Amino acid sequence: MREPARSGERIFRGIPVSPGVCRGRVLVFGKPPDDLVPERHVAESELPEQVQRLEQALVETRRKILEVQRQVNQGVGAKDASIFDAHLLVLEDPTLIDEVNRVIAEEKVTAEFAFQKVANQYAKTLSAIEDEYLRERAADMRDVATRVLNHLMGRDEEIDLGHLKEPCIIISHDLTPTRTALLDKKMVLGFGTDIGSKTSHTAIMARSMRIPAVVGLQKASRELRSGEQVLLDGYNGQIITNPTDQTLFEYGQLVRKRVTLEEKLREVREQPAVTLDGASVVLSANVEQPSDTDGVLASGAAGVGLFRTEYLFINRETLPTEAEQYEAYRQVAAALKPQPVIIRTLDLGGDKFLSHLQVPQEMNPFLGWRAIRFCLQERDIFRNQLRAILRASAAGNVKLMYPMISCLDELNQANALVEVCKGELRDENIPFDEHMETGAMIEIPSAALAASSLAKRVKFFSIGTNDLIQYTLAVDRLNEKIAHLYEPTNPAILRLIKMTVEAGHQHGIWVGVCGEMAGDPLLTPLLLGLGVNELSVAPPSVPQIKYLIRRLKLAEVKVLAEFALECESGAEILARCEAHVRAAAPSLFENQK
Ligand code: PEP
Ligand code: MG
């Protein structure tokens, strides 16, 4: 990573979550954070321009409100549209406008900073008043202030990200996984967010869609303006404004090196994932939506190790029917036949929600009504999905997997419901695979500790390290402020993985890893050394993981794992893993500047 910015450039540093380099115009999107505008001083000569920008923003905001008022008027009638009158009054309030102009002139600051300052003071004063009518005016004030600030800062909250007209780089405070799934890949060159982390579903989606992305940029959405030219570096996690010719030249070289590496990696596509000393590994791919199937086939993966079905449920007004789900699962199963497709039952909650289900907001959504807990209570939704998966099993090699199993009782209940669904299908003469295998995700420490009991009731385990790490270390997987504590090589995590592998093998079942740890080449030798049989990774990561597996020796990675299980420091384990991979496959490191 290059350190200081060259003249004219500004560098925003964050966490790289999806590889690739792109260059283009910024589009600042989304709801702004509360303390949106940084204090920025301007020269005396620029003050008239700031006053003019303010006037223009007020005029434009007024025009937009009148337009919305007209639409509402046509739709629901004049009574509801009259709420906009209060907003228009705020925009025309001479005391407010004079005060903003005074702050611009006296404090020599930008129009947006002055407007935010004065509007916040107004809203604060109004909300402290006991009169209910006046307190409501505080809400009007905040609403209008956001509109004016959005205009001054070139942000757009209402833009439809699925139908952009020009290619751009999206910059936002946050981007939900639901919104990310809607991005138009042809128009979104890349995206950056102020918050977020590597194992958020937003980041996972970006990798799967091959959109370069950087998260945890802290202030990017406040400081970047729509229209600015930037370069986004998804390998090293930075955004550079106004890149100089020298910077562009260096990035050109980086991209060329990457293309060469990818060509080399493509050569192993048809080769088996076997170590130098003959140990076979099942290398599968994770899919987020049925359209990812082509990417899986092209990647050289041996099937699907995790089909996250949530995206069939979100971004729509109603729940998908059994028939719709069946069709989606059938398509993937048929396309990959005879390779296996592991369909994970619904994992809603955490950072993925359905707007139409009106699930109450929770204080700790990742610890709350999520995944199997939700499904075991919303039995109709669960039954529909189980029936659809069972039916799809007639079209290919389908396996079913439950997320978030925390105790034996949940697994027993889920298995019992599968039996009920099988009985129904038999009665209805609907074909399904009687021998369809069922597995459990091990992603909660209690499940790893109880793995021996669970192993007797399933045909495989798949370790969900994204959650296993967050629950074991008590580190929110979405929070960039504690990202340094999110440590896959922490000895506690490795012991839980080992425990799960041993319990699985003792009961004659295979054990995979489908969390993001599986797709991190630095950790491949360690996981194989711990005895993991299958790795399921995002399709773009398949070639490099396969390339690496083919350069490892099982005997050596076992020694590495033995060292790791004795070692007390996660950092030391990681360093040893990196040394191992650098020695085995030095070319994988060539995309680093
Ligand atoms: C995991 O937790 O590792 C996993 C694969 O599931 P998800 O990322 O969807 O929670
Ligand atoms: Mg999980």
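Predicted model: local features only at pLDDT ≥ 70, side-chain atom pairs only at ≥ 80, totals over all residues.
View 1. Glu443 belongs to the loop between β14 (437–442) and α16 (445–449), whereas Asp467 is part of helix α18 (residues 465–473), so the two residues tie together parts that are 24 residues apart in sequence. Glu443 counts as buried because its relative accessibility is 2%, below the 20% cut-off for that class.

**View 2. Phe307 and Tyr329 form an edge-to-face aromatic pair.** This is one of three aromatic pairs that the structure holds. The ring centres of Phe307 and Tyr329 are 5.8 Å apart, with 85 degrees between the planes. Distant parts of the chain are linked by the pair, since Phe307 is in strand β11 (residues 304–308) and Tyr329 in helix α12 (residues 322–336), 22 residues apart. Both Phe307 and Tyr329 are buried.

**View 3. Phe460 and Trp510 form a stacked aromatic pair.** Between the ring centres of Phe460 and Trp510 there is a distance of 4.7 Å, and between the planes an angle of 5 degrees. Phe460 lies in strand β15 (residues 460–463) and Trp510 in strand β16 (residues 510–513), which means that the pair ties together parts that are 50 residues apart in sequence. Phe460 counts as buried, at 0% relative accessibility, whereas Trp510, with a relative accessible area of 26%, is partly exposed.

**View 4. Arginine side chains lie over the faces of Tyr326 and Phe589.** Arg391 is placed over the face of Tyr326, at 4.3 Å from the ring centre. In the other arrangement, Arg582 lies over the face of Phe589, and here the distance from the ring centre is 4.0 Å.

**View 5. Helices α4 and α5 pack at an angle of about 130 degrees.** Helix α4 comprises residues 94–107 and helix α5 residues 111–128, and their axes are 9 Å apart. Because of the angle between them, α4 is oblique to α5, and the crossing in which α4 passes α5 is right-handed.

Key
Residues numbered from 1 in each chain as written. Chains lettered and ligands numbered in written order. Heavy atoms only, no water. Helix = DSSP H or I, 4+ residues; strand = E, 2+ residues; numbered from the N terminus. Buried < 20%, exposed > 50% of the residue type's maximum accessible area, 1.4 Å probe, protein only. Phe/Tyr/Trp six-rings, centres within 6.5 Å; stacked < 30°, edge-to-face > 60°. Lys NZ or Arg CZ within 6 Å of the ring centre and 35° of its normal. Axes fitted to C-alpha atoms, helices over the stretch in contact; angles between N-to-C directions. Parallel < 35°, antiparallel > 145°, perpendicular 65-115°, else oblique. Left-handed = near helix turned anticlockwise from the far one by under 90°.
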